[in-house]
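Subject: Structure handover

Hello,

I am passing on the structure we discussed, and my notes come below it. Please look it over before you read on.

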Amino acid sequence: REVQRKWFRQQIELALEVKLPIIVHDRDAHEDTMNIIKESQAKEVGGVFHCFSGSVEMAKWVIEQGFYISIGGTVTFKNARRVVEVVEFLPLECLLLETDAPYMSPVPVRGTRNYSGNIRYIAEVISSIKNMDTKELTKITTENAKKLFRID
């Protein structure tokens with residue numbers, strides 16, 4: 001864990017130096033991740049918590065830090081209560097979609113190799129949770145990704 005903390009801090013330092021956002025994959029390390037984000041100046045460059053697995057409370061904190069939250073195939077799983085609650089809470093302007101390929105394929109293709117074409121299943125489930133049109137959701141999340149990665 002100490003090696004991971006060291007390199008995470010270094011990633012943030014490099015991001016600050018080159019003024020680029022960071023990509024955070026936080027698995028079984030919510031407290032460490034939040035503490036390192038807090039103690040660093042990561043808020044200056046922002047980024048995304050990809051493959052988000054935290055609670056609504058953590059999602060609120062992540063957004064306050066100026067980060068996006070990306071949701072993948074787990075939102076389509078039967079036991080996805082926590083991630084569904086996060087999606088219900090998330091403001092659209094903080095949401096990104098992902099496949100996290102090659103793993104975590106969404107239902108109905110769970111158990112197969114994941115690829116970017118499966119993003120539609122994730123978008124359909126999230127738009128249903130948000131009670132909105134899938135095309136509108138994908139338009140908003142595409143614009144969010146462009147902002148994050150500074151793509152014109």
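This is a predicted model: local features need pLDDT of at least 70, side-chain atom pairs count only at pLDDT 80 or more; totals for chains, interfaces and linings use all residues.

Overall fold

The protein chain contains six helices and four strands. Their order along the sequence is α-β-α-β-α-β-α-β-α-α. The radius of gyration is 15 Å, close to the 15 Å that the globule rule gives for 152 residues, so the chain is as compact as a globular protein of that length.

Of the 152 residues, 41% are buried. Taking the contacts between residues at least 6 apart in sequence, 61% join residues at least 24 apart. The accessible surface is about 9000 Å², and carbon and sulfur atoms account for 51% of that surface.

Helix α2

Helix α2 covers residues 30–39, and its buried residues are Thr 33, Ile 36 and Ile 37. Viewed down the axis of α2, these fall within an arc of 100°, so they line one face of the helix. The face turned away from that buried side carries the exposed residues Glu 31 and Lys 38. What do the buried residues of α2 pack against? Their partners are α1 (2–18), β1 (22–24), β2 (47–49), α3 (56–64) and β3 (67–71).

Helix α3

Helix α3 has the buried residues Val 56, Met 58, Ala 59, Trp 61 and Val 62. The buried residues of α3 pack against α2, β2, β3 and α4 (81–89). Just after α3 comes Gly 66, which has a positive phi of about 85°.

Met 104

Met 104 sits in the loop between β4 (95–97) and α5 (119–129). Apart from neighbours within four places in sequence, Met 104 is in contact with Cys 51, Gly 73, Thr 74, Thr 99 and Asn 114. One of these, Asn 114, is 10 residues from Met 104 in sequence, and the C-alpha atoms of the two are 6.6 Å apart.

Regards

Notes
Residues are numbered from 1 along each chain as its sequence is written. Side-chain values use heavy atoms; hydrogens and water are left out. Helices (H or I, at least four residues) and strands (E, at least two) are DSSP runs, numbered from the N terminus. The radius of gyration is taken over C-alpha atoms; the globule rule is 2.2 Å times the number of residues to the power 0.38. Buried means under 20% relative accessible area, exposed over 50%, partly exposed in between (1.4 Å probe, protein chains only). Contact means heavy atoms within 4.5 Å. Accessible areas come from the Shrake-Rupley method with a 1.4 Å probe; for residues, only the protein chains shown count as cover. The arc is that of the directions from the helix axis to the C-beta atoms.
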